[in-house]
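Below are some notes for a colleague who is meeting this structure for the first time.

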Amino acid sequence: MELLDKLKILGAAAKYDVCAATGCGPGGSGRAAVPAPSGVCHSFLPDGRCVSLFKVLQTNECLKDCFYCPNRIQRDGPRTAFTPDELAGLFMEFYRRNYVEGLFLSSGISRNPSHTMEQIIKTAEILRYKHSYTGYIHLKILPGAGFEYVEQAVRLASRVSVNIEAPTTEHLQKLSRLKNFREEIIGRMKWVHGLQQGGSLPAGQTTQFIVGAAGESDSQIMKTTVSLYREIGMRRVYFSAFQPVAGTPLEERAPTPVLREHRLYQSDFLLRSYGFSLSDLSFDTGGNLPLDIDPKVNFAVHNLHLFPMEINRASYKELLKVPGIGPTSARRIVNARRNFRITSLDELKNIGVVVKRAVPFIQVNGKYRDSYKLVQQLELWRESHDYPLPDNPLILYEGSHAVQAP
Amino acid sequence: MLSRLRKGCCLHEDELSESILNDGVIDVDNLNMDDVRRDYEKVFGTVGWLDGPKARSLAKASLYSSRYIARDRYHLVINIMKQALVYGPDYVLGRVSREARTFFNRARRVCIEISRACGFIRLEPAECPAGCVMAGRVEFTNDISDIVLRKLSRRSKNAPVYLVEKDTAYFLSGRKTASCHVRDLPFDLPDGGFSEFWEAYYDSQFIEGRKNLSLARKHLPQKCWSWVPEGKKLR
Ligand code: SF4
C-alpha cells in the first residue's frame, strides 16, 4: 500500500484519541479550545480541535474486541501498518516543515502486545537516535504489554498513556470482553508510576475515558479520576465523548453530548487547580453533572452561606471558590492588595476577573452591587434546580445582599 | 529601561525621549546599567524587586508590549515602569490600572501573534549553494519577525530558516537578524510540494459529529488561511 493511503487509514483510526494538545481546555466546547500550556497549535480542524501532534497508529490491526472501536477484530475494513522507518521518516517531514510539534503514537494490537510494542519502540528509537529528534513523543502503552517494553517506552517518551476507557471493571466489561481492568490497565499504570520515579518521562503519564459508552455516571468517572491522581500520580485525565462508529456493536447508541465532556473537564480543573474536593461537586440524582449549569456556579449556589466574599479580605483559597475568579486572578488580587486596597469593579475587571460572573458573590471594599437582577438570578438558579439549602440559609431579596433568615 | 536592566529588549534613542529620568539624549548602546540603577534608586529608593522574578515578568511583558504596533507603544511602557516604581510591581502585574491592563493586553496580543506564527507558518526546503534551507511566507501585524525567526531557527538546527514578508526576506546572520530583498535570495522560493500528505492527514482527523466551524475559524483566523494548505477548507 502507498504511504499516502496508509497515512489516510492510520490517521483516521487515531482520531478519537485525546491528547494534551487536542483536548478542549477550560474554554471547552463552543468556546476556546485551549492548547496545553507549552503546546503550539499548528492547525485547527473543522470540529474546532487543535492539531499540534502527529496523531497516528502504528497499525490498525487488532486482536481485541472493544465494542466502540473502529479497529476491533470483528470489523471489516482495510488493515495496514507503518514500518518504523516509514513512520519516523514521515513524521520528520511533517516536523521540519512546521506542520506538527510532536508525535502521538498509538496502535492496535497486531499478533500480540509485545510484537506491536516492539514496533512502537523501534519507531521512537529511530527518531531519537537516527534523526536526533529531541522533541515531544507520546507513546501509548498497549494493554497487556510486558514490563521490559513499558520500561523502554518510559525511557524514550516524553509522555506515556494507558487508556482506562471506563471507571470500573464492571463498566469495562460492557465495552470489551477481552480487556482486563485490574491487570492490563491499572497494573501497567502502576508500573509506569514506579518507573517514573527515576526522573524520566518529563510530561508524565496520562489516561483517557470514553464518556458515555458504558452507561457510567459522571460521579463514577470523577471518583476514579481522583484515585488516579492520588494513587498513581496521573498527570492528566482526558475525557472523550463517545461517538458511535458504523459497523461496531455500539453503532446504534446515541453519541454523548460534547457538553458532558466539557463539564467533566471543568470539574477536573476544579479538582486539580482550584482546591476543590470531590464532595464539593454536585451531581444530580443519576450521578451526573448538571449540563445546564457550570460546576463552579453550581457549587456557589449550593453554598450561599460562603458568600458574599469580601475581595480585600478573602484568602487565596476562598477567592478560588468564587465564580469568575481563577488561580491567576486570585493570585493577582492577593498580591495587589498588599500595597493597595481594591475599591471598584473596574479594578477587578482589569485584574482579569470575569466581573459579570463574580459580582453576585462578592463585596468590594464593603460594598456589593445592589442589583436586583443579579440577586434574582441567584434565586432563580436555586429554585429551578431545587438545590437543598444549608440548615441556616441566607436569603436574598431586593435591596439587600445577603441577610440571615429569621 | 527596566527591560534593558534585565537584559530584555533594547530601547533606542527615539524610544527613550520620554524616559523617567531623562534630561537629554541617552546613548543606550553605551549605557552603564549600574549607573542607571543608581540613578533610579536616588529617586525611588531601593528597588530590591529589580533582581527578582517580578522584574523578569515585567521585562518580558515590556518586550512584547513594545512590539505592538501603536504610536504610543514606548510611551505606555515608560508609564508602566513609572507605576511599578511608584506603587510597586504588584500594582502593575495585578493589572490594577487601566494603563497596566492595556500594557498586558498588548503584550498578550503580541504573544498570541507570535504563537500563531510559530504554529501556522509552513516551511519548505530549498536548495542553495551552501546546502538546504527552510523558507516560509509570513505576514505580521506587529513587529515580531526577529522573534519568530529565532524561535523557528531553534527547531531547525540543520537548515537555516528564511522568512519572507512581501518583498523582504529575514534570516539570521550569526546571532543577528538580517534582511534582504527577495530577488537577492540565493535560492528560488519553494512551493508546497508536501501539502498533499498534510491535507490527507488533516482530513483524516476531523470528527463529523463534533463539527464546529466557527470555533475553528476563531482559532485559525482568516488572515492565516493563506499560510496553510487547509485554510480553504474553513471557508
Ligand atoms: S485494543 Fe480495543 S480500543 Fe485499542 S485498537 Fe484494539 S479494539 Fe481498538
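1. Helix α3 (residues 53–65) of chain B packs against helix α4 (residues 73–87) of chain B at an angle of about 165 degrees, and their axes are 10 Å apart. That angle makes α3(B) roughly antiparallel to α4(B), where angles under 35 degrees count as roughly parallel, over 145 as roughly antiparallel, 65 to 115 as roughly perpendicular and the rest as oblique. Axes here are lines fitted to C-alpha atoms, for helices over the stretch in contact, with angles running from 0 to 180 degrees between N-to-C directions. Helices (H or I, at least four residues) and strands (E, at least two) are DSSP runs, numbered from the N terminus.

2. A word on the source of these values: this is a predicted model, in which local features need pLDDT of at least 70 and side-chain atom pairs count only at pLDDT 80 or more, while totals for chains, interfaces and linings use all residues. Residues are numbered from 1 along each chain as its sequence is written, chains are lettered from A and ligands numbered from 1 in the order in which they are written, and side-chain values use heavy atoms, with hydrogens and water left out.

3. Which residues of α3(B) meet α4(B)? They are B:L58, B:S62 and B:S65, which meet B:R73, B:L76, B:V77, B:M81 and B:A84 in α4(B), contact being heavy atoms within 4.5 Å.

4. The largest nonpolar core has 165 residues, and those with the most contacts inside it are A:F54, A:F94, B:I121 and B:V148. Such a core is a set of buried Ala, Val, Leu, Ile, Met, Phe, Trp, Tyr and Cys residues joined through side-chain atoms within 4.5 Å; buried means under 20% relative accessible area, exposed over 50%, and partly exposed in between, with a 1.4 Å probe and protein chains only. Helix α6 (residues 98–120) of chain B gives the most to this core, with nine residues. Leaving aside neighbours within four places in sequence, B:V148 is in contact with B:I114, B:A117, B:C118, B:I121, B:F140 and B:L163.

5. Chain B also holds an open sheet of five strands in the order β1-β2-β3-β4-β5, with mixed pairing. Strands β1 (124–128) and β5 (176–181) of chain B stand at the edges with a single partner strand each, so one side of each is left without a neighbour in the sheet. Within chain B, β3 (residues 161–165) and β4 (residues 168–173) pair in the antiparallel sense over four bridges, where pairing requires that DSSP finds at least two bridges between the strands. B:V164 has B:A169 in β4(B) as its bridge partner. Helix α7 (residues 145–155) of chain B lies across β3, β4 and β5 of chain B and runs at about 150 degrees to β3(B).

6. In chain A, five of the five residues of strand β3 (residues 53–57) are buried, so this strand is largely enclosed by the rest of the structure. A:L53, A:K55 and A:L57 point one way from β3(A), whereas A:F54 and A:V56 point the other way. In a regular strand the side chains alternate between the two faces of the sheet. Five bridges pair β3(A) in the parallel sense with strand β4 (residues 102–106) of chain A, and A:V56 stands opposite A:L105 in β4(A).

7. Strand β8 (residues 236–241) of chain A has six of its six residues buried, so it too is largely enclosed by the rest of the structure. Six bridges join strand β7 (residues 205–211) of chain A to β8(A), and the two run parallel.
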